[in-house]
Amino acid sequence: MKGSDNQEKLVYQIIEDAGNKGGDWRLKLWYLHIVTYALNQVCHHPTPRHTFFIGCFLCSRRIWSRDIRYKSNLPLTEINKILKNLESKKLIKAVKSVAASKKKVYMLYNLQPDRSVTGGAWYSDQDFESEFVEVLNQQCFKFLQTKADTARESKQNPMIQRNSSFASSHEVWKYICELGISKVELSMEDIETILNTLIYDGKVEMTIIAAKEGTVGSVDGHMKLYKAVNPIISPTGLVRAPCGLCPVFDDCHEGGEISPSNCVYMMEWLEF
Amino acid sequence: MTQAEIKLCSLLLQEHFGEIVEKIGVHLIRTGCQPLRVIAHDTETSLDQVKKALCVLIQHNLVIYQVHKRGVVEYEAQCSRMLRMLRYPRYIYTAKTLYNDTGELIVEELLLNGKMTMSAVVKKVADRLTETMEDGKTMDYTEVSNTFVRLADTHFVQRCPIVSATETAEPTPPPPAPTLVINEKDMYLVPKLSLIGKGKRRRSSDEDAAGEPKAKRAKHIESKEPIPDDGIYWQANLDRFHQHFRDQAIVSAVANRMDQTSSEIVRTMLRMSEITTPSCAPFTHPLSSNEIFRSLPVGYNVSKQVLDQYLTLLADDPLEFVGKSGDSGGGMYVINLHKALASLATATLESVVQERFGSRCARIFRLVLQKKHLEQKQVEDFAMIPAKEAKDMLYKMLSENFISLQEIPKTPDHAPSRTFYLYTVTVLSAARMLLHRCYKSIANLIERRQFETKENKRLLDKSQRIEAIIASMQATGAEETQLQEIEEMITAPERQQLETLKRNVNKLDASEIQVDETIFLLESYIESTMKRL
């Protein structure tokens, strides 16, 4: 490819890319226009390196500075200069990744950052929103609980009672959207992750049923149903005694500094 | 036997039987099988006392003996049986709920005396019941025997093994220790006794007057009437009680998760398999839906279709307590006993984690339990807990051995940066760890109770003396004012102290029984799992 035109190099790269991922050639052509315009904007003598850069950006949605260095074999100082140049011209932007906050990831200016970089609906500015998750958790549980209670009080035959106590993930999603407690728009997958945390809390159980393709809320021919449940045993006997929750249990023995005879926790518990 | 178990056994033996029996018992637990002389030598007690102690222990089924080669008889302590002494109140209470006061007293007598003949039990229980009844009424022997027969029919009491009657041609010298055998079908066979009589009320006036002649008279009477069922001894069948507790736990779990009707159906199924299924089987015998319909309690008007619906719901439930094993007879259903015990044990573990560490830790614990193996990052993502907190909680649970770590190296040199570290929960080992903690907790509670009693010993003695004085004065007919004077010898703050002491001791007692419930669930699960391995 040595000696060929800059733009030819670019086109080659794009076509190569299209070959891998099968993109629309018209889209690629449009990108080509942008890039040519960009090149003219960036500097009046676009070097092959510049074009190479922008080509890299187009191939991957986002790219790390170290990857740019590997791919283009350019020295670090040059890369930084070029990146700063491109950033000031508002052609690319830097986004902080949620996974590793030290990494700087670059992408074209007009693209939206991907979920895996920003963390999706649960992260706002790199902070995990635990309160938001808790609120959603409680609201979903309340919805499922009221549904189960109304089903139980209806006193119909057991099959109908059971079926009406279930709620599909789509129903819960609609309820949460209508509740309007979320500033960010939540998808059904987001609601499903919240419902999974409820399952891990032991408050909700899930079944999957086969559903026709057309029915609302079905994904790939099946639907997930959730139901609020009670725990199967009450808090066990061991935790009702002070020894069950004692932090210094292993140090306790008769005749020692900490012993059953002089146990502070037992004294408080007996006075209760 | 772990230290905690030995400590608990020693406390129990001391409380129930005294110092000497405790010393012998603990020595046997520690050292295993030992002949008589070695026990006497090691514990430095006289042979006579060792014999008596062993008698007591054997009578209560806490020690068994075996004849070894060369005619040496060795004694072995049964540590697990000793720990059952904690559960005596629960056994007695169960008998009370099932068979009223008569059953309660029968089981109590059997547990307190180890082994007894039926006639002795009946007589004693009738006497005790007569004491509590109104004046003029007595308890008939036949009523007590009927209850006894019912207990034997439902296998709550069983016959003890007896010396086998062998017919030998030549008179060989008797073996150093008899071997006891019992035929399977004879175990619950009640001998045909015609026990006629009524309970005798013990008159307090009889006691004081002519104490000695009465004792002579009593001995005379006993030797005159030969006991008709001499040699047939009965004991309480603890396995049957355990089966009952297990059934109760399963039924209440179903009631919590589903509704009352489903739990009644499960109770009926369990009742039908009481006698047919051995207690350690993983599944009950298959029961057809028609049979279940016929055996439902009379008050329940559930139609056949509704019953079928309930059975289908039970079989489909994620709990998996009930399974469908076939379609004949309207559908054959079994109860998955092993799975039920495993779910109950897991629920116990989760409950302990929740109370000790908080509900977020419980969420992580259940998550790792369900997904089997997870990496650190995956735990944070699934549980939706910030990374720092999740890490802290995982490490805390790891240090308490609820969660364990599985290393999967990518390279043969096991370098930490190139190894996967997966968190996992092994329910069996966590259950064992928790069981050990339960034993130590009960030992602590017993020690605290003994300490509290010892602290207030002086006060207790004083109150006992005063009560005795009042009782004797009442018997001799004293005046009201004199009685009041004596009662005032206990001052108000002392009375308060006694009240507090009574309340504390009751609380500690109740707590011991509650911890014993946890022990029962965990032990049943461990036993059921070990049988399957």
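Reader: How many bridges join E5(B) to strand E8 of chain B, and which way do the two run?

Author: There are 3 bridges between E5(B) and strand E8 (residues 233–236) of chain B, and the strands run antiparallel. Strands here are DSSP runs of E with at least two residues, helices are runs of H or I with at least four, and both are numbered from the N terminus. Two strands pair if DSSP finds at least two bridges between them. One bridge partner to look up is Trp234(B) in E8(B), which goes with Arg159(B).

Before we go on: this is a predicted model, where local features need pLDDT of at least 70, side-chain atom pairs count only at pLDDT 80 or more, and totals for chains, interfaces and linings use all residues. Residues are numbered from 1 along each chain as its sequence is written, chains are lettered from A and ligands numbered from 1 in the order in which they are written, and side-chain values use heavy atoms, leaving out hydrogens and water.

Reader: What is the order of the strands in the open sheet of chain B?

Author: The order is E4-E8-E5, 3 strands with antiparallel pairing. Strand E4 (116–117) and strand E5 (157–159) of chain B are the edge strands, each pairing on one side only.

Reader: Which helix lies across E4, E5 and E8 of chain B?

Author: That's helix H6 (residues 88–113) of chain B, running at about 100 degrees to E8(B). Angles run from 0 to 180 degrees between N-to-C directions, and axes are lines fitted to C-alpha atoms, for helices over the stretch in contact. Contact means heavy atoms within 4.5 Å.

Reader: At what angle do H15 and H19 of chain B pack?

Author: Two packed helices are described by the angle between their axes and the distance between the axes. Helix H15 (residues 337–357) and helix H19 (residues 427–455) of chain B pack at about 65 degrees, with axes 10 Å apart. Residues making the contact include Leu349(B) and Val352(B) of H15(B), and Ala430(B) and Leu434(B) of H19(B). The contact residues divide into 6 nonpolar, 1 polar and 2 charged (Ala, Val, Leu, Ile, Met, Phe, Trp, Tyr, Cys and Pro count as nonpolar, Asp, Glu, Lys and Arg as charged, the others, Gly among them, as polar).

Reader: How many aromatic pairs does the structure hold?

Author: Over all chains, 10. Rings of Phe, Tyr and Trp (its six-membered ring) pair if their centres lie within 6.5 Å; planes under 30 degrees apart count as stacked, over 60 as edge-to-face and the rest as tilted. Tyr91(B) and Phe241(B) have ring centres 5.1 Å apart and planes at 40 degrees, so this pair is tilted. Tyr91(B) sits in helix H6 and Phe241(B) in helix H11 (residues 238–257) of chain B, so the pair ties together parts 150 residues apart in sequence.
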